[in-house]
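Take a look at the picture first, then read on, one topic at a time.

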Amino acid sequence: MSRYAADPLTALQAKEQAQKLAFAPIAFQAAQSLRELGILAVLDAAGPTGLSAQQIAERSGVSEYGAKVLLDMGLSALVVTQDGDNYVLARLGHFLLHDAMTRVNMDFTADVCYRAMSHLTETIRSGRPEGLREFGDWPTIYEGLSRLPEKARKSWFDFDHFYSDKAFPELLQRIFAERPKTIVDIGGNTGKWSLQCCAHDEDVHMTIVDLPRQLALALDNAREHGFEARIHGHPMNILDDSQPLPGEADIWWMSQFLDCFSPMEILRILRRIRAAMRPDASVYILELFWDRQHFEAAAYSLNATSLYFTCLANGNSRFYHSKDMLDIVEEAGFVVAEQVDDIGLGHTLLRLRAG
């Protein structure tokens with residue numbers, strides 16, 4: 001992408017940024033503490049006049065020392081500003097406190113990724129998700145999702161659903177323009193997409209393909225919403241060639257699923273679907289491609305999240321460049337009938353036909 005074609009920093013700027021990067025984990029933790037201890041909320045309520053460190057300490061219940069050392073780091077991190085003796089909430093602090101995307105991203109980083117990232121170098125060397133040992137001894141995080149500590153599990157699902165949920169309204173209109181009667185939802189997770197489909201169309205039947213433990217949660221959700229007659233389960237490991245895919249379907253659906261696999265694994269999965277599907281069926285892939293984002297912050301976030309896949313998920317997957325995915329799609333025997341960018345918060349929808 002052209003934005004990466006040249007070094008944008010002078011030597012002085014580069015050295016300054018290097019120091020910020022060196023202390024970035026500390027700045028992150030300070031921002032988390034400012035939010036979690038209620039200091040940002042106290043400043044938000046105070047408005048543009050702000051408050052002294054003593055007043056902030058009294059209103060937040062934090063010691064004056066604790067408040068001041070965090071606030072001074074907040075000044076350097078541009079979270080707060082200072083007017084005389086008073087600290088004032090800055091725009092960045094406002095978003096840390098109020099912006100849903102920022103909260104979801106920070107909680108995911110703090111509760112799921114932070115400790116695991118200390119194993120990143122080891123992970124790169126071994127090709128295995130060494131950071132996962134912070135939570136359990138599973139080969140990938142997917143076997144252990146239902147057994148993560150409550151706070152980490154909530155932050156994981158909040159992060160996953162925040163981005164996919166924003167795309168649902170437009171996706172439902174596009175998918176059901178084909179008037180499908182049967183949809184196979186591969187990697188259905190908690191079943192949110194299948195629930196949305198059943199609520200949208202009273203005739204559609206869904207089959208969720210996922211690991212047994214995760215599938216049990218999805219089917220519990222289907223029963224809770226009264227869709228147990230139309231949402232069916234197919235427990236399997238998609239990488240186990242001895243386990244057959246479910247029967248025929250009008251649509252094969254994968255949402256934020258293929259990013260959980262290496263390129264060769266994606267090729268295997270797509271070839272399996274290609275062999276199992278009817279000639280007239282459609283395959284839909286919903287993904288976040290870092291090169292298809294309009295904003296630098298979005299590409300930055302996706303490339304950072306790729307290191308979660310590296311260190312925690314399975315050691316060999318990522319958010320892909322769109323060309324890499326399209327090359328795999330072609331090699332698997334598909335043609336792209338339609339590509340739609342900018343769905344929801346930056347998703348791309350690929351509609352595939354058998355080539």
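R271 counts as partly exposed because its relative accessibility is 43%, where buried means under 20% relative accessible area, exposed means over 50%, and partly exposed lies in between (1.4 Å probe, protein chains only). This is a predicted model, in which local features need pLDDT of at least 70 and side-chain atom pairs count only at pLDDT 80 or more, while totals for chains, interfaces and linings use all residues. Residues are numbered from 1 along each chain as its sequence is written, and side-chain values use heavy atoms, leaving out hydrogens and water.

**Salt bridges**

- How many salt bridges does a search of the whole structure find? The search gives 21, each being a side-chain nitrogen of Lys or Arg within 4 Å of a carboxyl oxygen of Asp or Glu.
- Side chains of opposite charge can pair when their charged atoms come close.
- Helices (H or I, at least four residues) and strands (E, at least two) are DSSP runs, numbered from the N terminus.
- K151 and D111 form another salt bridge, and their closest N and O atoms are 3.9 Å apart.
- Are K151 and D111 buried or exposed? K151 is exposed, at 53% relative accessibility, whereas D111 is buried, at 18%.
- E122 and R133 meet through their side chains in a salt bridge of 2.9 Å, N to O. The two are 11 residues apart, with E122 in helix α8 (residues 120-126) and R133 in the loop between α8 and α9.
- E122 is partly exposed at 35% relative accessibility, and R133 is partly exposed with a relative accessible area of 44%.
- E122 and R133 also belong to a network of salt bridges that takes in R128 and E130.

**R272 and its surroundings**

- R272 lies in helix α12, and it counts as buried because its relative accessibility is 16%.
- What lies 3.0 Å from a polar atom of the R272 side chain? It is the backbone oxygen of I238.
- Leaving aside neighbours within four places in sequence, R272 is in contact (heavy atoms within 4.5 Å) with several residues, including M236, I238, D240 and P244.

**Two residues with a positive phi**

- N189 is not a glycine, yet it has a positive phi of about 60°. You can find N189 in the loop between β3 (182-186) and α10 (192-200), where it is buried with a relative accessible area of 13%.
- Q256 is not a glycine either, and its phi is positive too, at about 45°. Look for Q256 in the loop between β6 (251-255) and α12; it counts as buried, at 12% relative accessibility.

**Helix α7 and what covers it**

- The 14 residues of α7 reach 19 Å from first C-alpha to last, close to the 20 Å expected at 1.5 Å a residue; the expected span is 1.5 Å times one less than the number of residues.
- Which residues of α7 are buried? They are V104, N105, M106, D107, F108, D111, V112 and C113.
- The cover over these buried residues includes α2 (24-36), α6 (91-98), α9 and α13 (296-313).

**Helices α3 and α6**

- Helix α3 (residues 39-46) packs against α6 at an angle of about 115°, and their axes are 10 Å apart. Axes are lines fitted to C-alpha atoms, for helices over the stretch in contact, and angles run from 0 to 180 degrees between N-to-C directions.
- On the α3 side, L40, A41 and D44 meet G93, H94, L96, L97 and H98 of α6.

**A216 in helix α11**

- A216 is part of helix α11 (residues 212-224), and it is partly exposed, with a relative accessible area of 39%.
- Along the chain, A216 and G191 are 25 residues apart, and 9.9 Å separates their C-alpha atoms.

Terms used
A polar contact is a pair of N or O atoms within 3.5 Å; within protein, one must be able to donate a hydrogen and the other to accept it, and residues adjacent in sequence count only if both atoms are side-chain atoms.
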